[in-house]
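Here is a short briefing to read alongside your model. Please keep the sequence and the 3D view open as you go.

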Amino acid sequence: MTTADVNDLVSVKNAGVAQTQKSDKLTLLPLVALVVGSMIGGGVFNLPSDMSKGASPGAILIGWMITGIGMMMLAFVYQNLAVRKPNLNAGPYAYAKAGFGPFVGFNSAWGYWLSAFLGNVAYAVAIFSALSHFFPIFGDGNNLPSIVGASLCLWLIHALVLSGIKQAAFVNVVTSIAKLVPLFLFVLVAIVGFHWDRFTVDFWGTGAGSGTGGLGSVMEQVKSTMLVTLWVFIGIEGASVYSARAARRSDVGRATVIGFVGALGIYVLVSLLATGVLRQPELADLKVPSMAGVFESLVGPWGAALINIGLVISVGGAFLSWTLLCAEIPYTCGRDGTFPKWFAAENANGSPVNALWATNLLIQLFLALSFFSRSAYQFFYFIASVAILPPYVLSGAYALKLALTGEGYGAESRTKGILVGALATTYGLWLVYAAGLQYLLMCAVLFAPGILVYVRARRDCGERPFTGVEMAIAAVIAVLAVLAAWLMWTGTISPL
């Protein structure tokens, strides 16, 4: 990281600034740092347990192959759209709105925002679960002392961002670098401690040779990994969200692909190497962060301490990254009329004050609700993963639409664009299927209040709220939300 690159990131301005000097723009390296900082958070530190709870090494490998192809296609989608639609800034929501209308675009932005602040709740739980290694009072990260501690951290970060977004961005660069050290050390030591016989003893999860009853069909095992793999890749669009601040539009796509390839390599190594250190039942029972338990078995207690410290640094940085990202979306939406104009307010330091207050008040609410959850970290990141599916699916669908119509292509061949868009959209729909009905219904409950927010936004602009098709979409969301509420009331599905 050069001094010039750090200065580039420190000098980030808000998206509404009309004139920006070239020296104030983000170059390639800071954009890569945003992608890596957004993606590599707490999820990687619990991959050994999360992947092994319902899957064997063979199924985990297939899951990563599907995810690798699907997410690479999504990375190519954002690379392609950044070049072909340079006028569309703020990433996923802008593409959905341009391709499928204002209400679909709103739901994409709403889902992205939901995912961001629910992800922050999961991050807060993970931080205090890791701190319990040193201070047992914090338990599993969602007891009363943990919630109080997380709330204090939340409002300290709130004050940091309100003091100026550039200071928060600089902290993100530091944590993006610091978090990689324990991950690389874990990979190196796990390669040395890897046992091939443990890796292969029950490779397909049938129970043969392992003393267990098996994990079900390979397809079911692969499905069980999908929300986990999606969770650790949320943030792949980080550079796209800040595309308006990039020195060169082409750097947005390059940063997305570079960040993706690096993160994929780390994720695959961490999850597969762990299965050659401990057996599947042992991995499944490890406490958050499970990487600490694996590393402790290899090097002793100091290894667990190192990983827990690494998680606190990493997740603290990711928490900060997503505070920036999830305040940016409603702020930008408020400026262009997708959200009510109230969200577009700035303070004297140029920070999106109302968007930040709304985000952090919701995080505080769900932090309080985490007290009643039996497995708070997994629950909130599953919901966050499902909520972000509309932005991802619609981004792929918009890229496919452009390729099919030829818009933005001129005389250039559209074959690659059609293939990439089709594969990215198919992968997104596969994730919707793999998520399962329970989480989809619970997400409908969170999407339903957005209908009222959208109506207010349209009235602010003096426009009619819905077309006929949009009214039908809103009705479906409302019906699913009512159904989900009834199922939760009767105890058929559990909200926590």
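This is a predicted model: local features need pLDDT of at least 70, side-chain atom pairs count only at pLDDT 80 or more; totals for chains, interfaces and linings use all residues.

Residues are numbered from 1 along each chain as its sequence is written, and side-chain values use heavy atoms, with hydrogens and water left out.

**Overall picture**

- The protein has 22 helices and zero strands; helices (H or I, at least four residues) and strands (E, at least two) are DSSP runs, numbered from the N terminus.
- Of its 496 residues, 59% count as buried, where buried means under 20% relative accessible area, exposed over 50% and partly exposed in between (1.4 Å probe, protein chains only).
- Taking contacts (heavy atoms within 4.5 Å) between residues at least 6 apart in sequence, 80% join residues at least 24 apart.

**Helices α6 and α19**

- The axes of α6 (residues 102–131) and α19 (residues 389–405) come within 7 Å and cross at roughly 135 degrees; axes are lines fitted to C-alpha atoms, for helices over the stretch in contact, and angles run from 0 to 180 degrees between N-to-C directions.
- α6 and α19 are therefore oblique to each other, given that angles under 35 degrees count as roughly parallel, over 145 as roughly antiparallel, 65 to 115 as roughly perpendicular and the rest as oblique.
- On the α6 side, Val104, Ser108, Gly111 and Tyr112 meet Pro390, Pro391 and Leu394 of α19.

**Aromatic pairs**

- The count comes to 40 aromatic pairs; rings of Phe, Tyr and Trp (its six-membered ring) pair if their centres lie within 6.5 Å, and planes under 30 degrees apart count as stacked, over 60 as edge-to-face and the rest as tilted.
- One of them joins phenylalanine 194 and phenylalanine 199, a tilted pair with 5.4 Å centre to centre and 55 degrees between the planes.
- Phenylalanine 194 is partly exposed at 24% relative accessibility, whereas phenylalanine 199 is buried at 10%.
- Phenylalanine 233 and phenylalanine 260 also form a tilted pair, with 5.4 Å centre to centre and 35 degrees between the planes.
- Phenylalanine 233 lies in α11 (residues 218–233) and phenylalanine 260 in α13 (residues 249–275), so this pair ties together parts that are 27 residues apart in sequence.
- Phenylalanine 233 is buried at 0% relative accessibility, and phenylalanine 260 is buried at 1%.
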